[in-house]
Amino acid sequence: MKNKNPRINNQNLKTESKKTCFNVMDSGINFLMSLVIPSVVVLILITLFALFSRMAGSNYGEFSKTNVAIIISLLSTPLVFLSTYLIYCKVNKIDCYKASDIKFRVNYQKVLIVIIMSLVAVFLISPFITLFDYGCALLGYNPSNSLSYVMDNGFRYVLGVLVMAVVPAICEELLFRGLIQRGLLKKFNPHIAIILTATMFMLLHGSLQQTIFQFILGVVFGYATYYGKSLVYSIIMHFVNNFVVVTMSFIYTLNNVDVNAAPVYNTVWDYCWPILALLIAGGVIVGLIFLLRYVNKFEEKKELKAVELNQTENLENLTTKSTIVIEEENNNIEDKKITKQELLWLLSGFVLGAVIWIVNTFVL
């Protein structure tokens, strides 16, 4: 018997044809694009800024320091990430919600855990980063700790939170933990996939100053997503981290605190405390990751028990869900061996990322 409504058949066909997961190839391609496309956009912005400055009768250096130019520059990279992610999913017919494990229904225990993890990372790892910067300064490398966008009033602070905390948290996590890490998980051990993604995240930021902190954050964000079973948790962590940094910068600006002033290390304790704080932070974060894992297992057992209690009256729905799960698992089964093409994309991204990191650190 033929279906009298062909539109329904077409809609079902479109829904069924969508992929529900990323693979290693997707990860390699998107990491490479995340390095190339923003660089092209930056060159375009520099050209446009030079033209606008000439039209306005000023020089490029002055125009590039205006708030409008700074905000555009800050938004350009994360918005490129978001555009790349959405276009890639659209072109390749990927269900981004399922593939990136985006679940808006959150567990508030998990939310509290990831917020604490983020605060621990910011406040207990920062002393070690300051010590690392001090060591770099002794070797002739003098990084700046001040933000390019100056926030000296409430409006600029709110705008700074939006531009430097909200937007990057969403866009960067969609690309890195939502796409790249999820793709790597198809053929890599979870811990290896998280470390590889964190390394990519570190290389993308392209500076010696951010090397350690961005790598540690990338690892923590990765575990938050993996054990939290939702991308939302790493987005929350990323936002909290950036929000604290932006807020502290705002407070320092209002109180005329020079964040680039050289730290003073007079005693042995001055050198030991940052290392001790780093070790404490590591222990607390590892403990919180295990707690997050435990909460997730407890939540899964609770959901399973609820399904078992209602299985009699919802037998038909349960059977349908089980069939869907089995079909998805069959579709997700892949050969764990990395192909030459996948390896080429990954290596190309790592090589280019390393080159950009070296240029930003030692040349620019």
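**Figure 1. Contacts of Asn-296 in the predicted model.** Leaving aside neighbours within four places in sequence, Asn-296 is in contact with Lys-110, Tyr-227, Gly-228 and Lys-229. The structure shown here and in the following views is a predicted model. Asn-296 lies in helix α11, which covers residues 268–309. Its relative accessibility is 6%, and Asn-296 therefore counts as buried, the limit for that class being under 20%. One of its contacts, Lys-229, is 67 residues away from Asn-296 in sequence, yet the two C-alpha atoms are 7.7 Å apart in space.

Figure 2. Phe-22 is placed in the loop between α1 (6–17) and α2 (24–55). Is this residue buried or exposed? With a relative accessible area of 1%, Phe-22 is buried. Apart from neighbours within four places in sequence, the residues in contact with Phe-22 are Tyr-85, Cys-89, Ile-94, Ala-99, Ser-100, Gly-178, Leu-179, Arg-182, Gly-183 and Lys-186. Arg-182 stands 160 residues from Phe-22 along the chain, while a distance of 6.2 Å separates their C-alpha atoms.

**Figure 3. The nonpolar cores and the contacts of Phe-176.** The largest nonpolar core holds 62 residues, and the members that touch the most others are Tyr-85, Met-117, Phe-176, Ile-180 and Ile-285. Which helix gives the largest share of this core? Helix α6 (residues 108–138) does, with 10 residues. A second, separate core has 11 residues, among them Ile-70, Tyr-149, Tyr-157 and Val-161. When residues up to four places away in sequence are not counted, Phe-176 touches Phe-31, Ser-34, Phe-81, Gln-181, Thr-197, Met-200, Phe-201 and Leu-204.

**Figure 4. The packing of helices α7 and α9.** Two packed helices are described by the angle between their axes and by the distance between those axes. Helix α7 (residues 154–184) packs with helix α9 (residues 211–228) at an angle of about 65 degrees, and the axes are 11 Å apart. The crossing of α7 past α9 is right-handed. From α7, the contact involves Glu-173, Arg-177 and Gln-181; from α9, Gly-218, Phe-221, Gly-222, Thr-225 and Tyr-226 take part. Sorted by class, the contact of α7 with α9 comprises two nonpolar, four polar and two charged residues.

Figure 5. Helix α10 has 23 residues, numbered 232–254. At 1.5 Å a residue, these should span 33 Å; the end C-alpha atoms of α10 are 33 Å apart, so the two values agree. The expected span is 1.5 Å times one less than the number of residues. After α10 comes Asn-256, which has a positive phi near 55 degrees.

**Figure 6. The protein as a whole.** How many helices and strands does the protein have? Its secondary structure consists of 13 helices and zero strands. Of the 364 residues in the protein, 39% are buried. Among contacts between residues at least 6 apart in sequence, 82% join residues at least 24 apart.

Technical notes. Residues are numbered from 1 along each chain as its sequence is written. This is a predicted model: local features need pLDDT of at least 70, side-chain atom pairs count only at pLDDT 80 or more; totals for chains, interfaces and linings use all residues. Side-chain values use heavy atoms; hydrogens and water are left out. Helices (H or I, at least four residues) and strands (E, at least two) are DSSP runs, numbered from the N terminus. A nonpolar core is a set of buried Ala, Val, Leu, Ile, Met, Phe, Trp, Tyr and Cys residues joined through side-chain atoms within 4.5 Å. Buried means under 20% relative accessible area, exposed over 50%, partly exposed in between (1.4 Å probe, protein chains only). Contact means heavy atoms within 4.5 Å. Axes are lines fitted to C-alpha atoms, for helices over the stretch in contact, and angles run from 0 to 180 degrees between N-to-C directions. A crossing is left-handed if the near helix is turned anticlockwise from the far one by less than a right angle, and right-handed if clockwise. Ala, Val, Leu, Ile, Met, Phe, Trp, Tyr, Cys and Pro count as nonpolar, Asp, Glu, Lys and Arg as charged, and the others, Gly among them, as polar.
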